[in-house]
Amino acid sequence: MINPNYPKKHVDIYTDGACKGNPGPGGYGSILVYMSTEKRISKGYFSTTNNRMELRAAITALEALTEKCSVTLYSDSKYLIDGMTKGWAKKWKANNWIKSDRKKALNIDLWEKMLTLDSVHDIEYVWVKGHNGHEYNEQCDRMAVEAAENPTEEDVIIQI
């Protein structure tokens with residue numbers, strides 16, 4: 001059981017997704033930084049979308065945490081950042097996954113996971129401009145591109 005009086009660890013998470021075509025082969029890269037320790041995670045998929053890879057990058061990194069943490073999550077994906085900070089994902093879920101334009105939301109399976117992880121950890125979402133010299137964003141981009149070029153898994157795209 002987590003002791004509520006014990007200070008939470010702070011972890012910085014950097015993420016990026018890439019796709020060769022949309023849909024097409026894709027991959028993600030994530031870097032978790034806790035104090036002076038870094039953990040890198042990446043994976044490639046045979047056929048997916050860029051938005052799915054952006055979400056998977058964040059989800060996989062958050063799932064790697066073994067306890068409740070304070071997290072600053074950096075991403076160049078407006079889809080991910082706005083979906084969480086502007087409450088879009090919560091609104092879509094509350095509206096049976098129908099967006100304000102009355103169309104069905106995409107990537108429901110991954111948004112469900114993001115919302116669950118968001119309720120576990122204390123997450124601050126920070127948008128960074130992609131391909132703008134941000135060291136960790138550039139590293140995540142390289143990891144994601146390499147993973148997309150060497151896919152190992154199928155991505156099950158579930159639309160309910």
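Q: What makes strands S1, S2 and S3 part of the story of the largest pocket?
A: In this predicted model, S1 (9–19), S2 (24–34) and S3 (37–48) each give at least two residues to the pocket's lining. A residue counts as lining when it has an atom within 4 Å of a pocket point.

Q: Which lining residues are closest to the centre of the largest pocket?
A: The space in this pocket is about 220 Å³. Of the 13 residues that line it, Val11, Leu32, Tyr34, Ala64 and Leu65 are closest to its centre.

Q: What makes a set of residues a nonpolar core here?
A: Its members are buried nonpolar residues joined through side-chain atoms within 4.5 Å. The largest such core has 33 residues, and Ile13, Leu62, Leu73, Trp111 and Met114 have the most contacts inside it. Helix H1 (residues 50–63) provides its largest share, seven residues. Apart from this core lies another of eight residues, including Ile31, Val33, Tyr74 and Met143.

Q: Which residues does Leu73 touch?
A: Leaving out residues up to four places away in sequence, Leu73 touches Ile13, Thr15, Ala58, Leu62, Leu80, Ile81, Ile123, Glu124, Tyr125 and Val126.

Key
Residues are numbered from 1 along each chain as its sequence is written. This is a predicted model: local features need pLDDT of at least 70, side-chain atom pairs count only at pLDDT 80 or more; totals for chains, interfaces and linings use all residues. Side-chain values use heavy atoms; hydrogens and water are left out. On a 1 Å grid over the protein atoms alone, a cavity is a set of points where a 1.4 Å probe fits but cannot get out, and a pocket is an open set with protein on both sides within 12 Å along at least five of seven lines; lining residues have an atom within 4 Å of a point. Grid points are joined across faces, edges and corners, and a volume is the space filled by probe spheres set on the points. Helices (H or I, at least four residues) and strands (E, at least two) are DSSP runs, numbered from the N terminus. Buried means under 20% relative accessible area, exposed over 50%, partly exposed in between (1.4 Å probe, protein chains only). Contact means heavy atoms within 4.5 Å.
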